[in-house]
Amino acid sequence: MSEIKINGRPKTREIKRKSNLNLLERLYLPEIFKGLSITFRQIFKPKFTFEYPDVKWQPPASFRGRPVLVVDDETGVERCVACGLCARVCPALAIEVVADETGLDKERYPEKV
């Protein structure tokens with residue numbers, strides 16, 4: 001038995017040694033059939049490739065696009081409401097947003113970015 005940690009909790013798993021395998025497991029036949037079944041399932045799924053210049057992608061109605069920081073034209077101030085969307089979509093998890101209230105009603109700004 002070996003112990004590994006998954007999500008901070010210890011989880012034990014049994015290590016299979018070659019001497020503990022049955023005949024089918026030694027021949028790798030179940031694993032080969034598992035791999036082939038995955039492959040055949042993927043082959044018969046519908047394709048989703050677009051011929052880009054000719055066929056344009058139509059996003060779903062719920063698509064919000066890429067988050068972009070907007071600058072107000074009149075005042076030149078960034079219009080960030082500290083929604084945290086940039087922190088959620090950052091693949092490296094390098095962005096942290098802490099919101100703070102302003103003097104105006106229902107207005108927030110990022111205190112720490």
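This is a predicted model: local features need pLDDT of at least 70, side-chain atom pairs count only at pLDDT 80 or more; totals for chains, interfaces and linings use all residues.
**Briefing: contacts, surface and a nonpolar patch**

Residues are numbered from 1 along each chain as its sequence is written, and side-chain values use heavy atoms, with hydrogens and water left out.

**Secondary structure**
- The chain has three helices and four strands, taken as DSSP runs numbered from the N terminus (helices H or I, at least four residues; strands E, at least two).
- Along the sequence, these elements follow the pattern β-β-α-α-α-β-β.

**Surface and burial**
- The accessible surface of the chain comes to about 11,100 Å², with 57% of it belonging to carbon and sulfur atoms, as computed by the Shrake-Rupley method with a 1.4 Å probe.
- Of the 113 residues, 5% count as buried, a term that means under 20% relative accessible area, with exposed over 50% and partly exposed in between (protein chains only).

**Nonpolar patch**
- A nonpolar patch on the surface, with about 1,200 Å² of accessible area together, is formed by residues including Leu-23, Tyr-28, Phe-33 and Phe-44.
- Helix 1 (23-27) and helix 2 (29-43) are the elements that give two or more residues to the patch, and helix 2 provides the largest share, six residues.
- Patch residues have over 30% relative accessible area and no salt bridge, and nonpolar side chains (Val, Leu, Ile, Met, Phe, Trp, Tyr) are joined within 5 Å; a salt bridge is a side-chain nitrogen of Lys or Arg within 4 Å of a carboxyl oxygen of Asp or Glu.
- Leu-23 lies in helix 1 and counts as exposed because its relative accessibility is 61%.

Note on methods:
Patches are made of residues with over 30% relative accessible area and no salt bridge: like charges are joined within 9 Å, nonpolar side chains (Val, Leu, Ile, Met, Phe, Trp, Tyr) within 5 Å. Buried means under 20% relative accessible area, exposed over 50%, partly exposed in between (1.4 Å probe, protein chains only).
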